[in-house]
Amino acid sequence: MNYLIGAFKLPCNICISFADGKSRNQVPLKKENGKTVMVALFQSQESIVGEVVIEPMHGKKVEHNGVKIELLGQIELYFDRGNFYDFTSLVRELDVPGELYERKTYPFEFSTVEMPYESYNGVNVRLRYILKVTISRNYVSNIVEYQDFVVRNYTPPPSINNSIKMEVGIEDCLHIEFEYNKSKYHLKDVIIGKIYFLLVRIKLKNMELEIRRRESTGSGPNTYVETETLAKFELMDGAPVRGESIPVRLFLSPYELAPTYRNISNKFSVKYYLNLVLVDEEDRRYFKQQEITMYRLLET
Amino acid sequence: MLNGTEDEDKWLAEGIAGIQHYAFFMHRALDSNNLREALKYSAQMLSELRTSKLPPHKYYELYMRTFDELKILESFFKDDSKHGVSVVDLYELVQHAGNVLPRLYLLCTVGSIYIKSKEAPAKEVLKDLGEMCRGVQHPIRGLFLRSYLAQISRDKLPDIGSEYEGDADTVMDAVEFVLQNFTEMNKLWVRMQQHQGPGRVTEKQEKERSELQDLVGKNLHVLSQIEGVDLEMYKETVLPRVLEQVVNCKDDLAQYYLMDCIIQVFPDEYHLQTLETLLSACPQLQPTVDVKTVLSRLMDRLSNYAASSADVLPEFLQVEAFSKLSNVIGKVIEAQVDMAAVGAITLHVSLLTFTLRVHPDRLDYVDQVLGSCVKKLSNIPKLEDRRAMKQVVALLSAPLEKYNDIVTALTLSNYPRVMDHLDIGTNKVMAMVIIQSIMKNYSCISTADKVEVLFELIKGLIKDIDGADVDELDEEDFKEEQNSVARLIHMLYNDEPEEMLKIICIVRKHTMAGGPKRLPFTVSSLVFSALQLVRQLQGLEGDIVGEDVPVTPKKIFQLLTQIIDSLSAVPSPELALRLYLQCAEAANDCDLEHVAYEFFTQAFVLYEEEIADSKAQVTAIHLIIGTLQRMNVFGVENRDTLTHKATGYSARLLKKADQCRAVYACSHLFWIDDQDGIKDGERVLLCLKRALRIANAAQQMANAARGSSGPVTLFVEILNKYIYFFEKGNQQITSSAIEGLIELINTETQSDSTNPDSISDAFLASTLRYIQFQKQKGGVVGEKFESIKL
């Protein structure tokens, strides 16, 4: 908030735009202030080309020690808020020290940028990509402008994608066998499966399938784990008997899912689980959690 | 309990309110073509169906309300210009709903449009819907959901001739789908029971279950409506699969209902052709299933089918319907150890009815049924059950009704054996039924063997059976029974005297055992039956009557004497007397003087020794006089003896009036108005004079006793006798005697001591009028009467 208000006091306006801004896909991004804005979408290995327009306020001249643009990939851990860890940092010098009297346009280009991680907005962690324009000044604070953009990376379907099949149970009480057709799902995928009841001695009320996201941040003693339930999907109503087989068909598209992130820069991981929950008449819950890998399918 | 229903009503009202609430928002969304909102609110509306608090019939109310709303939703879905989403996408979209029940209702709704759109083979969509519906395992909710599925898919099955039939979709798929849905529904339905746990099956739960039975049965109905289900497919696929489910579900309510359902919904022809398969399921049902009703209905249907057209009868023979049915009944009885006797017998009744209707010509079948029933009954020590009794009666009555002829039944060797198992009371009832049947149809039992069997059958009526409680007998019932037996005896008849005699002997043998209470009823029938034979023989007269002829009137009369003798044990002297007189008359007609004399002797002996009552004596003496008068077989000596006796007895009656009347009646013994009858005018006059004396004495006695003489009726009666004999030409009766008598009567009437009596006055007046009339007639008679001066 501060720097936005400060911007009005600034002696110049800075505007960052992308060369293909009109045609490029826009995706919503939730800002720190809670507002959602549409920003440009990139993927790794793309060239980020655009221009920076600096327009001094009417009749004012801006002295500076040089203008630069940086492309930053940052991870911010909320227990260490404000402290950004840059895993990517590229700089382009736009201008040598001098003075600005009038509107000036600086084209820039970062070609085939390696952006291995996706933008992510989690409970305890944020991964973001920004373009940062800095006008360095003597004695007074630098003028800085940011432009967010989002990175998403696509992967082809995995060559090995086994089904998940498992028999679980409580002795003499409940034995089930469940099967999900894959262990790796893309974000618009459908989970197909079935739950087969081998033994039912408890009075079940219903059964549901949950999709849970487990975000772990930090390492060692400072590990924080947050689990969110993103989907609750009732599979069965009532009490089955032995031999019943209940179908599973869960469309993933309605849920806001993202790919699985494993150990991003040693800072955090985000994993997905399918949690099968059986509830009995006394509201006791019996569950079995299975990790699934989510990926963003490369559309062909 | 009251609170329970109140709560249920409250919950129902809440549910309905919820449905209306969300339906309102759904309609608004539909009006603005907002698919997302429509889906959201329809799912919420359907969530009202997730309740577990309502009993089936109230849940049904909720269901019907949502059903109507879903129809509206369906027509919205159908029109993709309104929402712009293809049916395939829609099919996915509705599956995003988080709760399984609303999701599946929506899926079924879209599924029906999906099939209609023909974008996917009907088979695939149906299969998917059927499969996905497994998600609801709650019995009531599942049943209603699947019944919704059945409802919306009914007109979209790939049946033969349907628009959904194609290369990929065959009628087999349609059948497969319905069968699958049926199986799942039945499983859910059966599970309602198991849910409640054993031992807690209350009436209410049973009731709730039966409220849902039609949802399950509906599937069978759908199956029967599928054009493509021909006999072949029914035989190979439909029936075995349905039966498999029925047998395996091991639930008595379901088994009973479904068996009945199968029998009712599929055509008779199919049943006939698959009888073996269908029946083979019966012994496998639970022991508590009311198989007898199931089988009875099946047999009812089949026999109706047989009755519908004669053309189908060969089919019955071809598939050996009877032996199959008979077989399975045996097996069912064997399998259901606990089945009450009544059940087993009811089954036999049904089978018998079936046999009688389908194979009326096969008596051996009928006998076979009875035989197997006997086998079953013989395992039961004593048949106590009233209902079982009733069934046995039904079993025995059926052939009677069918053949309208006891003769047929008599040829059934097992018939009496079944009857042996009845208790005494029922046995009597049954015997009555048999007799009534004979009466109704005027069946004539014409051989001795049959008579023997028949009497064996009705022995409950013929004699006391050991152990019978005599006190219980209702007098009126007893009379009616015995009257029926008496009537029955008249139905036994054969033209052949020899055979007839045998019949009589058999009847005699049986009736004689009947004891004093029955004899009065039966003996007279028997006697008359025998007398009829006598008269028949008489009719044959002229034929050679030799020693080798086995049947002679003489013999019969000997028999009759014995028969009537038996009445002495009762004793019933009055009846015996009458019968003796009848016999005497018959003997007279046969010209058997000695026999007739013997009968008269017996009659007189009875009169002397047994008949003490004065009224009875009066009647008896008049009977004797009447009979004797008609006798013409006697020689002078015998006749004199008898007439002498008769007049003697007449004069010795107690009351003067009776004496008088008997004596003037005796006058007829001496004047037989025949060609060669006795005409002893003198003795006639003697009798009449004696009568007059007695009348006089009576008058005087009355005077002495009461101070007034009785009416002159007796005199007038005697006057009439005078006139009769006068008219008949008895020379001893003169006109002057008549005049004198009239004079006497007139004096008597005018005397003060006589009470005026209108009846005797009128009597006299008409007597006098008769004389006048005869006078005016002219001719010989007129001349004769002219001599009487009034």
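How much area is buried between chain B and chain A, and what share of that area do carbon and sulfur atoms give? About 1800 Å² is buried, and carbon and sulfur atoms give 47% of it. Keep in mind that this is a predicted model. A word on that kind of number. The size of an interface is often given as the accessible area lost when the parts come together.

Let's stay at the interface. Look at chain B first. Gln95(B), His96(B) and Gln137(B) lose the most area to chain A. Together they make up 26% of what that side buries. Now count residues. On chain B, 25 residues are in contact with chain A. On chain A, 20 residues are in contact with chain B.

What about charges? Between the two chains there are five salt bridges. One of them joins Glu234(A) to Arg50(B). The closest N and O atoms of that pair are 3.5 Å apart. Polar contacts come next. Across the interface, 13 residue pairs are in polar contact, with both residues at pLDDT 80 or more.

Which elements of chain B give two or more residues to the side that touches chain A? They are helix H5 (87-93), helix H6 (100-117), helix H7 (122-132) and helix H9 (171-196). H9(B) gives the most, with five residues. Sort that side of chain B by class. You get six nonpolar, nine polar and 10 charged residues.

Next, cysteines. A disulfide is a covalent bond between the sulfur atoms of two cysteines. How many disulfides does a search of the whole structure find? Zero, over all chains. Take Cys261(B). The nearest cysteine sulfur belongs to Cys249(B), and that sulfur is 13 Å away. The cut-off for a disulfide is 2.5 Å, so a sulfur pair has to be within that distance to count. Is Cys261(B) buried or exposed? Cys261(B) counts as buried, because its relative accessibility is 9% and buried means under 20%. Over in chain A, Cys173(A) has 17% relative accessibility, so Cys173(A) is buried too.

Now a histidine in chain B. Where is His348(B)? Find helix H18 of chain B, residues 341-358. His348(B) has 3% relative accessibility, so this residue counts as buried. What does His348(B) touch, leaving out residues up to four places away in sequence? The list is Ile329(B), Ile333(B), Val369(B), Ser372(B), Cys373(B) and Leu395(B).

Switch to chain A and find Lys205(A). This lysine lies in strand E17, residues 204-217. Lys205(A) counts as partly exposed, because its relative accessibility is 35%. Lys205(A) and Val279(A) are 74 residues apart in sequence. In space, their C-alpha atoms are 5.6 Å apart. Leave aside neighbours within four places in sequence. Lys205(A) is then in contact with Asp237(A), Gly238(A), Val279(A), Asp280(A), Glu281(A) and Asp283(A).

Last topic: backbone angles. Most residues other than glycine have a negative phi. Two residues here go the other way. Thr112(A) has a positive phi, near 35°. Thr112(A) sits in the loop between strand E9 (104-110) and strand E10 (120-121) of chain A. Asn33(B) has a positive phi of about 55°, and Asn33(B) is not a glycine. Where is Asn33(B)? Look in the loop between helix H1 (2-31) and helix H2 (35-47) of chain B. At 34% relative accessibility, Asn33(B) counts as partly exposed.

Key
Residues numbered from 1 in each chain as written. Chains lettered and ligands numbered in written order. Predicted model: local features only at pLDDT ≥ 70, side-chain atom pairs only at ≥ 80, totals over all residues. Heavy atoms only, no water. Buried < 20%, exposed > 50% of the residue type's maximum accessible area, 1.4 Å probe, protein only. Contact = heavy atoms within 4.5 Å. Buried area = accessible area lost by both parts, 1.4 Å probe. Salt bridge = Lys/Arg side-chain N within 4 Å of Asp/Glu carboxyl O. Polar contact = N/O pair within 3.5 Å; in protein donor to acceptor, adjacent residues only side chain to side chain. Helix = DSSP H or I, 4+ residues; strand = E, 2+ residues; numbered from the N terminus. Nonpolar A, V, L, I, M, F, W, Y, C, P; charged D, E, K, R; others polar.
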